[in-house]
Amino acid sequence: MHELSRIIRGMPKSELHLHLEGSIEPELTFRLAERNKVRIPFESVEQLRQAYAFADLQSFLKVYYAGTSVLLKAEDFYDMTRAYLERVALDNVIHTEVFLGPQAHLDRGIAIEAIFEGVIAALDEWGPKLGMSTALLLILQRHQGEEAGTAAYDRAMRYRERIAALGIGGIERGHPPANFARLFARARAEGLHLLAHAGEEGPAEYVAQAVDILGVDRVDHGVRCEEDPALVRRLAEHGIPLTVCPLSNVKLGGVARIEDHNFKRLLDAGVKVTMNSDDPSYFGGYMTDNYLATAEGLGLTVADLHRVAANGFEAAFVPEADRRRMLAALDRFWVAEGLPLPAGATPRS
Ligand code: ADE
Ligand code: ZN
């Protein structure tokens, strides 16, 4: 495990499924609450952290949306984004794609400018400073419906040039991807990449809808696809990536223990599985923590680690030259560590 742990810590990584609002550590929550004179129903950082125990997605989302109450001004969104980037730089993340969900903030009366301009300023300043490329992903709350989502989309499109993709998250059960068919068709016509949380708590059918009806480029989570073996084969054949978040799935009860996770089964079935942290402050782990827990719990091999990290670069929304550069950085790390490049991996110098 020692060698694996060194490889995991050091290897260049991407993160493709991260909610900025799920990265606010309790210390920052308290600092922003004080700065903005917002009352929060917790006495201390420790007490707030102890409240992070969830039965399921719905009970988590309640705490998660309440946690955004301290974000009022552009500088708050900036501080949140900067703190996340600084933290994942320590995990050797060289490319990250971050979800921003404006509806929770717009509904609290926050100006669209504060939300987007704070986040974009931090991405543009701290990405380069930390040697990291970044992409911004717009995410809508599916439980609020397509009409409300379209209204938020329209307002967010003011920042179209900086937004790489449209996704949906929020309460999954009872809110199938098909509900967003019209908006996704429009977003595709407008040149956005498409994503959907599906098969986290919802059935394999929702994963199929995300692929067949919405035409997504990647499925967020997607782990319940396993209940439909023909769908698993289709995902593998078409190279449709899943942004899997193992510690999130444990925390929200999708699986009882990391040892029960289907991450390796899906990988072995040829699905383009990637590693991600989802809401790291709430789920107790950033990128390295997710890799370590999964590698230990499921016995990932050195070759598996290379595959997963390479999948993360192959699934990223980046120009091809950047993709090649990131894959080459991964291979260089492998060679520098004296590790064998997996058979079939072409040297990318
Ligand atoms: N929003 C933030 N985290 C989420 C998750 N794990 N599933 C759905 N929506 C989310
Ligand atoms: Zn998510």
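Colleague: What makes the side chains of Arg182 and Glu146 a salt bridge?

Modeller: The N to O distance between them is 2.7 Å. A salt bridge needs a side-chain nitrogen of Lys or Arg within 4 Å of a carboxyl oxygen of Asp or Glu. Arg182 and Glu146 therefore qualify. Note that this is a predicted model: local features need pLDDT of at least 70, side-chain atom pairs count only at pLDDT 80 or more, and totals for chains, interfaces and linings use all residues. Residues are numbered from 1 along each chain as its sequence is written, chains are lettered from A and ligands numbered from 1 in the order in which they are written, and side-chain values use heavy atoms, with hydrogens and water left out.

Colleague: Where do Arg182 and Glu146 lie, and how many residues apart are they?

Modeller: Arg182 is in helix H9 (residues 181-189) and Glu146 in helix H8 (residues 145-156). They are 36 residues apart, so this pair links distant parts of the chain. Helices here are DSSP runs of H or I with at least four residues; strands are runs of E with at least two; both are numbered from the N terminus.

Colleague: Why is Arg182 called exposed? And why does Glu146 count as buried?

Modeller: Buried means under 20% relative accessible area, exposed over 50%, and partly exposed in between, with a 1.4 Å probe and protein chains only. Arg182 has 66%, so it is exposed. Glu146 has 11%, so it is buried.

Colleague: Which residues do salt bridges that share partners join into one network?

Modeller: Arg35, Glu75, Asp76 and Asp79. The structure holds 25 salt bridges.

Colleague: How do you know that Glu97 forms a salt bridge with Arg218?

Modeller: Their closest N and O atoms are 2.9 Å apart, which is within the limit, so the name holds. Glu97 sits in strand E2 (residues 93-100) and Arg218 in strand E6, 121 residues apart. Glu97 is at 0% relative accessibility, so it is buried. Arg218 is at 1%, so it is buried too.

Colleague: What makes Arg49 and Glu27 a salt bridge?

Modeller: The closest N and O atoms of Arg49 and Glu27 are 3.4 Å apart, so the pair passes. Arg49 lies in helix H3 (residues 45-50) and Glu27 in helix H2 (residues 26-36), so parts 22 residues apart in sequence are tied together.

Colleague: Why do you call Arg49 partly exposed, and Glu27 likewise?

Modeller: Arg49 has 36% relative accessibility, so it falls between the two cut-offs. Glu27, with 42%, does so as well.

Colleague: Which residues of H2 are buried?

Modeller: Pro26, Leu28, Thr29, Phe30, Leu32, Ala33 and Asn36. Their cover includes H3, helix H5 (74-89) and helix H14 (280-283). After H2 comes Lys37, with a positive phi near 55 degrees.

Colleague: What makes E4 and E5 a pair of strands?

Modeller: Strands pair if DSSP finds at least two bridges between them. Two bridges join strand E4 (residues 163-169) to strand E5 (residues 193-198), so they pair. The two run parallel. Within E5, His193 is the bridge partner of Ala165. Helix H10 (residues 204-214) packs on the sheet, touching E4, E5 and strand E6 (218-221). Touching is contact, meaning heavy atoms within 4.5 Å.

Colleague: Why is E5 said to be largely enclosed?

Modeller: Five of its six residues are buried, so the rest of the structure largely encloses E5.

Colleague: What is the order of the eight strands in the sheet?

Modeller: The open sheet runs E1-E2-E3-E4-E5-E6-E7-E8, with parallel pairing. Strand E1 (13-19) and strand E8 (273-275) each have a single partner strand, so one side of each lacks a neighbour in the sheet.

Colleague: Why does Asn311 count as buried?

Modeller: Asn311 has 2% relative accessibility, so it is buried. It is placed in helix H16 (residues 302-314). Leaving aside neighbours within four places in sequence, Asn311 is in contact with Leu267, Val271, Lys272, Val273 and Thr274.

Methods: Axes are lines fitted to C-alpha atoms, for helices over the stretch in contact, and angles run from 0 to 180 degrees between N-to-C directions.
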